[in-house]
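Hello,

Here is the structure I promised to pass on. Have a look first, then read my notes below.

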Amino acid sequence: MNVEVKKITKIVSEMVTFAMLGDAEKVDVSIENNNDMFKLLINARNVNRTNESVNNLRELLNAPRQRAAEEYYWELAGDNDMTTEIALVGMMTDHAKVIYEDNNLLIELHRYK
């Protein structure tokens, strides 16, 4: 399997895990494979997360992409704690938008090729 595809599925897995840990009622995932980037949308309904945890998610995902660190940490990625895995996702993406309103969570991530 292509390493890039594994990275995309790992990113999606971490975002779905975040939503499911908040007892999400429904999670929809959309992945667009465009010429210049992957666009990932995770839309979760009726999620019970604190504003603090969502703000922490938003902050970690908006860390600047670090291609050199990404390659190193990708090899170490596994089932570490959630904060570490989300920080890795932040290193692996170029753009993040997190909206949490009325217990509905929308995460949009861009990963340029």
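With 113 residues, a compact globule would have a radius of gyration near 13 Å, and the protein has 13 Å, so the two agree. That radius is taken over C-alpha atoms, and the globule rule is 2.2 Å times the number of residues to the power 0.38. The C-alpha trace spans about 35 × 30 × 25 Å along its principal axes.

A word on the ground rules. This is a predicted model, where local features need pLDDT of at least 70 and side-chain atom pairs count only at pLDDT 80 or more, while totals for chains, interfaces and linings use all residues. Residues are numbered from 1 along each chain as its sequence is written, and side-chain values use heavy atoms, with hydrogens and water left out.

**Overall make-up**

The protein has 4 helices and 4 strands. Both are DSSP runs numbered from the N terminus: helices are H or I with at least four residues, strands are E with at least two. The order from the N terminus is α-β-β-α-α-α-β-β.

Buried residues make up 38% of the 113. Buried means under 20% relative accessible area, exposed means over 50%, and partly exposed lies in between (1.4 Å probe, protein chains only). The protein exposes about 6,400 Å², and carbon and sulfur atoms supply 47% of that area. These areas come from the Shrake-Rupley method with a 1.4 Å probe; for residues, only the protein chains shown count as cover.

Now contacts, meaning heavy atoms within 4.5 Å. Of those between residues at least 6 apart in sequence, 67% join residues at least 24 apart.

Four strands make an open sheet in the order 1-2-4-3, with antiparallel pairing. Strands pair if DSSP finds at least two bridges between them. Strand 1 (26-33) and strand 3 are the edges, each pairing on one side only. Neighbouring strands are turned by 10° against each other on average, direction ignored.

Going through the pairs:

- Strands 1 and 2 pair over 8 bridges in the antiparallel sense. A hairpin of 3 residues joins them. I31 has L40 of strand 2 as its bridge partner, and V29 stands opposite I42.
- Strands 2 and 4 run antiparallel and are joined by 8 bridges. Here M37 stands opposite Y112 in strand 4.
- Strands 3 and 4 pair antiparallel over 7 bridges. K97 has E108 of strand 4 as its bridge partner.

In a regular strand, side chains alternate between the two faces of the sheet. Strand 3 has A96, V98 and Y100 on a covered face, and H95, K97, I99 and E101 on an uncovered one.

Two helices to look at here. Angles run from 0 to 180 degrees between N-to-C directions, with axes as lines fitted to C-alpha atoms, for helices over the stretch in contact. Helix 1 packs on the sheet and touches strands 1, 2 and 4; its direction makes about 165° with that of strand 4. Helix 2 also packs on the sheet, touching strands 3 and 4, and its direction makes about 170° with that of strand 3.

**The core**

The largest nonpolar core has 26 residues. Such a core is a set of buried Ala, Val, Leu, Ile, Met, Phe, Trp, Tyr and Cys residues joined through side-chain atoms within 4.5 Å. M15, L40, L57, L61, L105, I107 and L109 have the most contacts inside it. Elements giving two or more residues include helix 1 (3-21), helix 2 (51-61), helix 4 (82-92) and strand 4 (104-112). Helix 1 gives the most, with 6.

What does L109 touch, leaving aside its neighbours within four places in sequence? Its contacts include I11, M15, F38, L40, L61, V89 and A96.

E14 is in helix 1. E14 counts as buried because its relative accessibility is 7%.

**Positive phi**

Most residues other than glycine have a negative phi. N46, in the loop between strand 2 and helix 2, has a phi near 55°. N46 is partly exposed at 34% relative accessibility. N103, in the loop between strands 3 and 4, has a phi of about 65°. N103 is also partly exposed, at 29%. The hairpin of strands 3 and 4 has 2 residues between them, and D102 in the turn has a positive phi of about 50°.

Best wishes
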